[in-house]
Amino acid sequence: MTTATVAYIGLGSNLDDPKEQVLRASRAVANLPESREIAFSGLYRSDPMGPQDQPSYINAVMALDTTLSPFELLASLQTIERDHGRVRKGVRWGPRTLDLDILLYGRACVRTESLIIPHAGLAQRPFVLYPLAEIAPPDLTIPGKGSLKMLLNACPQEGLERL
Ligand code: ROI
């Protein structure tokens, strides 16, 4: 028997009714094979990190119990992104209809071209840390980055609005 791992998925959108995009995507993630939703954070609105000439974002975080491998999970999330109208334009940090990121996969550390776990930007992003803190155990530590509490203390909630 394969034991399930708790993976945390970050969801984000700033185009085509972002709130609905995030909610629709959360249902698709919850329906993935070999996977069960454990928790879903509230929705958060924030100004774009990066180029400012784009709409504000809606973000949330989901906890998923899964026996999919990190790479199977990545492939599944990319399929959902495509099915939900994401078009990859060349613009770095440009607007997107749907962004699904593996933030954490148990205590795994993965470092490849296509996948980095824990997610590289996690520690600097209030729109990831605050929804994560809503649904994660209070004593969560992020492999290689320290305790979630410490990361929250170093990352002001400023500009992040819980809907
Ligand atoms: N900014 C916010 N507020 N939320 C996001 O999800 C987000 N995603 C991105 C970039 C463009 C870095 N900025 C973001 O990919």
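Which residues of the largest nonpolar core touch the most other members? Before I answer, please keep in mind that this is a predicted model, in which local features need pLDDT of at least 70 and side-chain atom pairs count only at pLDDT 80 or more, while totals for chains, interfaces and linings use all residues. Residues are numbered from 1 along each chain as its sequence is written, and side-chain values use heavy atoms, with hydrogens and water left out.

The residues in question are I9, V29, L73, L77, L100 and I102, out of 24 in that core; a nonpolar core here is a set of buried Ala, Val, Leu, Ile, Met, Phe, Trp, Tyr and Cys residues joined through side-chain atoms within 4.5 Å, and buried means under 20% relative accessible area (1.4 Å probe, protein chains only). At least two residues of this core come from each of β1 (5–13), α1 (18–30), β4 (57–66), α2 (70–83) and β5 (99–105), where helices (H or I, at least four residues) and strands (E, at least two) are DSSP runs numbered from the N terminus. Apart from this core lies another, of 23 residues, including V61 and L122.

As for polar contacts, meaning pairs of N or O atoms within 3.5 Å, a ligand nitrogen is 2.8 Å from a side-chain N or O atom of S46, and a ligand oxygen is 2.8 Å from one in the side chain of N59. The protein covers 97% of the 350 Å² of accessible area that the ligand has on its own, by the Shrake-Rupley method with a 1.4 Å probe.

Technical notes
Buried means under 20% relative accessible area, exposed over 50%, partly exposed in between (1.4 Å probe, protein chains only). A polar contact is a pair of N or O atoms within 3.5 Å; within protein, one must be able to donate a hydrogen and the other to accept it, and residues adjacent in sequence count only if both atoms are side-chain atoms.
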